[in-house]
Amino acid sequence: MPEWMHVADPVLESGGHDEVNLVFARGMGLDVLVEGLRGLRREALVSGEGNGWVWVVHDMVNADVEDYDPVSYGRICAGAELVVFVTEPCSVKAHPPHFEYYRDGRLITCFSFEDLTQRPGDDPDYLSAELLAAKLIGPDAECDKADEAEHDCFDHHYEDHDRIVRAVAGFFALPSPPLSPAVTAP
C-alpha cells in the first residue's frame, strides 16, 4: 500500500482494521457520505475533509453481518463524485489495491494497481492522459531494466503503486496526506 495511503491510529495500529477502503466524495457533505456508507453496512472508522473533498476510511468487509461483497458505491453518489481506493483487498491472498471513480451513481472507470490496461466503466480512458504522462501505461511504462539478469522489477513494485496514487490524487486534487481526522483545506 502506498505510504501516504497508510491510515494511522485508530485504524491500522489497533490491529483490527487491516483491510480498509478510503473514499473521497465531492458534491455531498460528510454526514451524507457517512450515512450512505452506513446504509451499505460500512461504518466510518475515521473521516475528514479538505480541498473541497470529504473522506472516510471504512472496513472493506463487514464480518459482523457476514457481508464480504464489494461495496456498491454507485448507490450512494447521485449528484456527486466518489474516488475510492481499496487499499488491500485481500492482503493474505496478495490481491493488489485498486481504484474506482464514480460520478452521479455511475462507474466511470476503475483499475487494479497490477493491470492498468484493464479499465472498465462508462469512460475507461477517463484518466488515460494522466496515466500516460506518469509513464504508467503506454510505450514508456515498461521497466528499463526488466531484461537485466540481476534486476527484479518487484523491487520497485510499491514505488509504482505510489506513482499511481500520485497521478490519481493529482488529477482530482485530493487532500494531501497525512490524512487524519483534523485534515482541513490549506
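Author: Here is a quick tour, from the overall fold to single residues. One caveat: this is a predicted model.

Reader: Fine. How many helices and strands does the chain have?

Author: Three helices and six strands. Along the sequence the pattern reads β-α-β-β-β-β-β-α-α.

Reader: In what order do the six strands sit in the sheet?

Author: The order is 2-3-1-4-5-6, in an open sheet with antiparallel pairing. Strand 2 (44–50) and strand 6 (106–112) are the edges, and each pairs on one side only. Neighbouring strands are turned by 15° against each other on average, direction ignored.

Reader: Which helix packs on that sheet, and what does it touch?

Author: Helix 1, residues 30–39. It touches strand 1 (20–26), strand 2, strand 3 and strand 4 (81–86). The direction of helix 1 makes about 25° with that of strand 3.

Reader: Which residues of helix 1 are buried?

Author: L33, V34, G36 and L37. They sit on the same side of helix 1, because they cover an arc of only 160° around the axis. Their cover includes strand 1, strand 2, strand 3 and strand 4.

Reader: And what is exposed on the other side of helix 1?

Author: D31 and G39. D31 has 56% relative accessibility, so it counts as exposed; the cut-off is over 50%.

Reader: How many bridges pair strand 4 with strand 5?

Author: Six, in the antiparallel sense. Strand 5 is residues 98–103. Strand 1 and strand 4 also pair antiparallel over six bridges. There, F24 has V83 in strand 4 as its bridge partner.

Reader: Switching to the core. How many residues does the largest nonpolar core have?

Author: It has 26 residues. V83, F85, F99, F111 and F172 have the most contacts inside it. In soluble globular proteins, nonpolar side chains tend to be buried together.

Reader: Which element gives the largest share of this core?

Author: Helix 3, with six residues. Helix 3 spans 157–172. Strand 1, strand 3, strand 4, strand 5 and strand 6 each supply at least two residues as well.

Reader: What does F99 touch?

Author: Leaving out residues up to four places away in sequence, F99 touches V83, V84, F85, T109, C110, F111, F113, L127, V168 and F172.

Reader: Which residues does the second core include?

Author: That core is separate and has 19 residues, among them M28, V56, C77 and A80.

Reader: Where is D104 found?

Author: In the loop between strand 5 and strand 6. D104 is partly exposed, with a relative accessible area of 43%.

Reader: What does D104 touch?

Author: C77, A78, G79 and A80, not counting residues up to four places away in sequence. D104 and A78 are 26 residues apart in sequence but 4.2 Å apart in space, C-alpha to C-alpha.

Reader: Last bit, whole-chain numbers. What percentage of the residues count as buried?

Author: Of the 186 residues, 42%. The chain exposes about 9800 Å², and carbon and sulfur atoms supply 49% of that.

Reader: And what share of contacts comes from residues 24 or more positions apart?

Author: 59% of the contacts with a separation of 6 or more.

How values were computed
Residues numbered from 1 in each chain as written. Predicted model: local features only at pLDDT ≥ 70, side-chain atom pairs only at ≥ 80, totals over all residues. Heavy atoms only, no water. Pairing = 2+ DSSP bridges. Helix = DSSP H or I, 4+ residues; strand = E, 2+ residues; numbered from the N terminus. Axes fitted to C-alpha atoms, helices over the stretch in contact; angles between N-to-C directions. Contact = heavy atoms within 4.5 Å. Buried < 20%, exposed > 50% of the residue type's maximum accessible area, 1.4 Å probe, protein only. Areas by Shrake-Rupley, 256 points an atom, 1.4 Å probe, with all protein chains shown as cover. Arc of directions from axis to C-beta. Core = buried A, V, L, I, M, F, W, Y, C linked by side-chain atoms within 4.5 Å.
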